[in-house]
Amino acid sequence: MKNRTISRRQFVAVSAGTGAALVLGFSTLDALTAKVAPGEPGPGGWTPNLWLSVDPDGTVTLQSAKSEMGQGVWTAMPMIVAEELDADWSKVRVERAPTNGKYNTGTGGSTSTRTSYMPLRKAGATARAMLVAAAAARWGVPASECTTNASVVTHGPSKRSATYGDLASLAAGQPLPTGDVPLKDPADFRIIGKSTPRLDIPAKVDGTIQFGIDVGVKNMLVAAVARCPVFGGSLKSVDDAKARAMDGVRQVVKLDAVERMLPARVAVLADTTWTAMKARDALAITWDPGPNAHYSTAAANAEYHARLNDAADVTGTKGAVRAAGAGEQLVEAVYEFPLLAHACMEPMNCTADVRADGVEIWAPSQSPDSIRTGVAQFLKVSPDSVIVHCTFLGGGFGRRSQTDYAIEAVELSKAAGRPVKVIWSREEDIQHDFYRVDGIQRMRAVIDAQGNLVSWEDRVVGPSLEAYAFPGRAGGRHFDSAKAPPYAIANYKLEMVLVSSPVPIWFWRSVANSQDGYCMEAFMDECAHAARKDPVQYRLAMLQENPRAAHVVQLAADKAGWGTPLPKGRGRGFAFYDYDGTLVAQVVEAEVPANGKVKVTRVVCAFDCGQLINPDTVVAQVESAVGWALSAAVYGEITVKDGAVQQSNFTDYKVARMNEMPPVEVYLVENHELPTGVGEPGVPPFAPALLSAIFAATGVRVRKLPIKDALNGNATTSTQ
């Protein structure tokens, strides 16, 4: 999101046309004031993208453009508003903002709270000031003599009081506050920083909440789709006689590939999901595998290694990297990482109704505005004719920021001339995902005679997500390339050798940080051992100028009992990662029995994300990140053979079972720094800490993920 300069007067306070409620519009870019009608442009064409209202019954409602996909943002954001508003939390609600191009509806990258924190505070404080002004005007007293608490304004000297609901209408007619609206001292927070039950949980428990897969529309058909299994293949022929003969089957539709979006397909439209899927399975289809018929993961890996010394784009540099001199040692290692699927618990789905007067879509989406503009572009209609209803999401992890599943529903509704709901099977979800990139990463470091790390080189070889997602933009830079080390290293160089691939790739929880954290921190452990230093002390020595980071490192080490002995066959590994300002350190304990089947027995995590909004949710996010990272590190691997994905379900794309989930201890650092991200930062440190734990237990270095077979003679292991 780009910063923009807008005067404070451009913040919106709206009363006209809104009945007796106090309604405020504001921007997630800043908190600004101006008088305009809801949804209409303000001065300079600026349009607010969030709304806060106080109704006569006292209900406080925040419209959120961010998707709730289990991360708790539909509780954190209203908590911030309620804090500055001094609202009665029991009367605070949140609802979905409309998808009309005027809101920033993108949800991802652990940015929702980070980017909304100050605008939400200013909005709450502005509303509070107007309610106080209304009370003061009613009573004929100075506003400075009024206080607020739990949605009530009180005049101390006279003991009079009024609820926010009573004052809403009068407040709506008050002039906007002039100057900067004062914000609370964080020391006075009574809602922010307190573990608070989530607003979305009751409806999820009683089943009344609507996910995309729950959507039902009058006159709707259900579609099951057979997709060309080979990337870039096409449909040669289909015999649909058996499918069409089934009761309840209404139509069989052939669909061409949509470039960079969808493969060639054959869809069955039926009255029920079961009928559609059975009929889809009865299709006799012959595919033309096309130009990628011989593409394979094995060949791709061989190419990555063969191109390790090719010319590369330099994506970051500092000082001058150099070779090892006399008395110095060169440490070098190559790490491999596989394609990964998202595997959301709720399979991909979408419902669309393409009519002559417009298009209506129901989708569990991280980016409903992208669906709106993408569908408009696909159908060559105005975006204003496309209405997107964003439901709750049964997991997103980046997958639901794509628009392919909505385009497909639109294609089929247009073909059927009536609403169509498309539900993907788990197999289709796994085999036609947009995957986390694969590749290799070569790390080189020079360690001087004193054990100091004096030169660092990090070269990535593989596809670039930036080149894929934004074709033509990546030249010379790749946001999925190696990151600069967070340590005081005088000389480093980061490079990327770009390799093309027919496999569609996309954002995956923590994006490039997942593979970069793995390579960087696993290698840091190797450097520490090469320098004959304790891995924690080695890091601390390079974090002396970053006391917050050093505190997180030390906290994790202390809580884990770093340095204390473990039973034979167990090891303890450490990793630290700076995820866009969120500082996280993890200690992983693992047991490696004689059969090589690694068991993670304990995870200790120290976490500094600035101001905590809802600590219970932060802990839950860290725990889920550990579970997610454990699944990927131990089992996660998508492989391609003959141009097609080999895995198909949780049987061969395994996620960790509940009995494999270790105890996770989370220690949150409390401070009042601006909040940073929560959902993704817990992922990157896990894999390197686990690999270091395996090394500590066995003396074997594993440099390839997943580790499932690494301790049974895999070629990418070594002993030190």
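**Close-up 1. Pairing of strands β15 and β20 in the predicted model.** Strand β15 runs antiparallel to strand β20 (residues 439-447), and the two are joined by nine bridges. Within this pair, leucine 330 has valine 446 of β20 as its bridge partner.

**Close-up 2. The five-stranded open sheet that contains β15 and β20.** The strands follow the order β14-β22-β21-β20-β15, and their pairing is mixed. The edges of the sheet are formed by β14 (313-318) and β15 (329-337), each of which pairs on one side only. From one strand to the next, the twist averages 10°. Helix α12 (residues 513-530) packs on this sheet, where the helix touches β15, β20 and β21 (453-462), and its direction makes about 150° with that of β15.

**Close-up 3. The four-stranded open sheet, with mixed pairing.** Here the strand order is β23-β24-β25-β28. Because β23 (570-579) and β28 (664-668) stand at the edges and have a single partner strand each, one side of each is left without a neighbour in the sheet. The twist in this sheet averages 15° from one strand to the next.

**Close-up 4. Parallel pairing of β25 with β28.** Five bridges connect strand β25 (residues 599-608) with β28, and the two strands pair in the parallel sense.

**Close-up 5. Helix α16 across the four-stranded sheet.** Helix α16 (residues 686-698) lies across β23, β24 (582-591) and β25, and the helix runs at about 155° to β23.

Definitions and conventions:
Residues are numbered from 1 along each chain as its sequence is written. This is a predicted model: local features need pLDDT of at least 70, side-chain atom pairs count only at pLDDT 80 or more; totals for chains, interfaces and linings use all residues. Side-chain values use heavy atoms; hydrogens and water are left out. Two strands pair if DSSP finds at least two bridges between them. Axes are lines fitted to C-alpha atoms, for helices over the stretch in contact, and angles run from 0 to 180 degrees between N-to-C directions. Contact means heavy atoms within 4.5 Å.
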